Amino acid sequence: MPEASTAVFEKDNFNAEKYVKNLVQDCVGGPELQQTKQKIQALSDTVSSTLKKHVYENYMQFIETAKEISHLESEMYQLSHILIEQRNLLTTLRDESLLDDQKNIIEEQSLDPNVNEEQQNRKAIQLIKESLIGYKGNLDDKVFIHEGGLIELDSNDYRPICRIHLFLFNEVLVLAKVRNEKKLEFQTEYETKKIAVINIKDLDGVNKNAINVITSDGARMFQCINSAAKQEWLDKFEHAIKFHQLKKPKKAQAPQPPTTLKFEAPQKSTDSELLTLSPTASEMGRVIVENLPPEWLVTAPEEIQAEIAQRHFEDCLALLQKCEEHLAQDSSFHGAAEIGEKVKTLKASLASVLMHELSNSQSRSLQAALRSSRRPLKLLVEMEKSREACGILLRVCTSAIRSSQRQARRNNLAVSELFFCDVALVASEFLRAFNTKASCTSALIVWCNMELQYFASQLIKHYLTKDTQLEMVAKVVEGVREPCQKLREIGLDLSYHMEGLLRSTLGQLLDEARYRLVDSIGRTEDPWQPYNLQTKTGLRTLLKEFDVLGIDFRAYVTGDTWINLTQATVNFCRHLLQTTESCAYLAKYDSLQRDAEMLIRELFLSQHSNKPPNSLNADMNFVAKNKTYMTEVLLPIAMKRFERIAGKKPDLLMELHAQLRTVPPKPKPRSVYQTDVL
């Protein structure tokens, strides 16, 4: 008797059946076999116990490793933070060195101090125009104020973007990009009366010596070389913004109200002093006081700028609306036009910042993007910026949906259900945000159609390619149809459009499947004999399998393991019902019903027309029995299955069934012999 040890089972060429045969041959009687069985069972228990012990040890080691990884992750985070600080420091040093190397255009050229200010200004403008590449504007009537090199920063993470050279004039701010050859390439220009400059608080290790310039294109952040340069830029910007006020010519010599909005309150006078004033002086003082705006309106532009910088958008919009209402009711006071222009510029800046805030959500998931977009959307709708806002929102949703679709395809997830759930989410959020703006609904419809076209193209590209199995095609189409129909609950019906986008491809796939399946019929030789399942277990398994398909073969069972039909007929029953089920799902689209029924019809006729070869001495009654079974039993079951799934009657199959059941009339027998009886 062979020794039962683990060494035997650990060999590479171990064969369990051979090992058991050797045991049976070498063991004498049942007791020895029983003992060997007990030894093997003991070895099994030992191995199981050892395995559990190793699993436990591996699990504990895994926990310890996870702890070490957690500590390592913490250390890596700290190291990353240190590296970021070092990078910021090096970047700052590099930028400062770059700014030190970059000299101003005017300073490196010699201007004659003996000439007057106007000639120096013309000379400076000429030098600037020669140094700028691509600038076609007019600077001849402008007054040059200041210039310098700065670093433009990203408003989100304060990272350097590029080197910028600014030329500040009384009416325009010219921005030029510094190339590697230290050449200045014109980028853009802004009117000084339509910009606002905000001093940004210095943050250690993140942001230093930065200013925020709010323009019609949005907020742009610039970093100066040091605090002195920053303060100089702030002063120059303030001087440029108020330059046109200081240089404004007087229309007459008559006394005018104060030219600035900031004024010192007059000292209180006693009633007797007021009475001693002449009528003319009293009237003039009364006119000046009456024409001055309220103090809150004077300081409102600065407060609005601060609210924008601190991202208090609701308070900013409320103050803007309050200013507009006051200006609409009373605009007769001195400086009303100037304040109105500032309010208009700041409102455009707020809209630009909100648009930027809305666009920044495009890198997030769809749910996060929609959640973060509610605040700017609400404010933009209140500012009558609905058309622009809905366009940005839909672009953000497009980016999020397509990103999630790519991720779902990589992870082999249900892309169809995900897509239509995302579309429903976007539509619900869109209708909630723009429920009072009916004109925006057309943008949603156009967006849905565009996204549906892109989704259909990706579906065809990745899942409905040539030679795709019919069962997979039906699964994909059914996965699209169900979630697409659920959109009707929110009033969005895309089913017809989806059917039209897939119609051509599905029709081609049905044609290819028909040629392929019909061509496969008759490839294997059929002995035209009853089907022998060899064992009772095999017979029971086959009967249970076909019970699920709706076919009962028990009436055709003969003997212990025989079915009184050919094996080809039995296999074709399975094949036809599976194909019918796939075609029925496709036939839910009205345009595909005829193609789907044609496939089933030709497949059935191809099998039904099979005949035994002349060289095979087959029982023709048995052949007729198989054909009768296919006509009387299989085809009606297939038609019922088709109608139950597709919800439509299979007209072509019903016509085929009627044709096959029609039995041609038998000819009358003729008498061969005739007898004349006299």
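**View 1. Contacts of Val 343 in a predicted model.** Leaving aside neighbours within four places in sequence, Val 343 is in contact with Leu 320, Cys 323 and Glu 324; contact means heavy atoms within 4.5 Å. The model is predicted, with local features requiring pLDDT of at least 70 and side-chain atom pairs counted only at pLDDT 80 or more, while totals for chains, interfaces and linings use all residues. Residues are numbered from 1 along each chain as its sequence is written, and side-chain values use heavy atoms, with hydrogens and water left out. Val 343 lies in helix α11 (residues 336-359). Helices (H or I, at least four residues) and strands (E, at least two) are DSSP runs, numbered from the N terminus. With a relative accessible area of 2%, Val 343 is buried; buried means under 20% relative accessible area, exposed over 50%, and partly exposed in between (1.4 Å probe, protein chains only). Pro 301 is 42 residues from Val 343 along the chain, and their C-alpha atoms are separated by 6.6 Å.

View 2. Eight strands form an open sheet of mixed pairing, in the order β1-β5-β4-β3-β2-β8-β7-β6. Strands β1 (132-133) and β6 (196-199) stand at the edges with a single partner strand each, so one side of each has no neighbour in the sheet. Two strands pair if DSSP finds at least two bridges between them.

**View 3. Strand β2 and its two partners.** Strand β2 (residues 144-153) runs antiparallel to strand β3 (residues 160-169), and nine bridges join them. Leu 150 stands opposite Ile 164 in β3, and Glu 147 has Phe 167 of β3 as its bridge partner. Strand β8 (residues 218-223) also runs antiparallel to β2, joined to it by three bridges; here Glu 152 stands opposite Phe 222. Ten of the ten residues of β2 are buried, so β2 is largely enclosed by the rest of the structure.

View 4. Cys 224 is placed in the loop between β8 and α5 (227-241) and is buried, with a relative accessible area of 3%. Its C-alpha atom is separated by 7.8 Å from that of Gly 149, which is 75 residues apart from Cys 224 along the chain. Lys 230 lies in helix α5 and is buried as well, at a relative accessible area of 8%. Not counting residues up to four places away in sequence, Lys 230 touches Asn 199, Ile 200, Asp 202, Asn 209, Ala 210, Ile 211 and Cys 224.

**View 5. Nonpolar cores.** The largest nonpolar core has 117 residues, and those with the most contacts inside it are Phe 434, Met 498, Leu 506, Phe 553 and Ile 563. Another core, of 20 residues, lies apart from it and includes Ile 164, Leu 166, Leu 234 and Phe 237. A nonpolar core is a set of buried Ala, Val, Leu, Ile, Met, Phe, Trp, Tyr and Cys residues joined through side-chain atoms within 4.5 Å.

**View 6. Packing of helices α19 and α20.** Helix α19 (residues 567-586) packs against helix α20 (residues 593-608) at an angle of about 175°, with the axes 10 Å apart. Axes are lines fitted to C-alpha atoms, for helices over the stretch in contact, and angles run from 0 to 180 degrees between N-to-C directions. The two helices, α19 and α20, are therefore roughly antiparallel, the word used for angles over 145 degrees. Residues making the contact include Phe 572 and Leu 576 of α19 and Leu 603 and Phe 604 of α20.

Notes. Angles under 35 degrees count as roughly parallel, over 145 as roughly antiparallel, 65 to 115 as roughly perpendicular and the rest as oblique.
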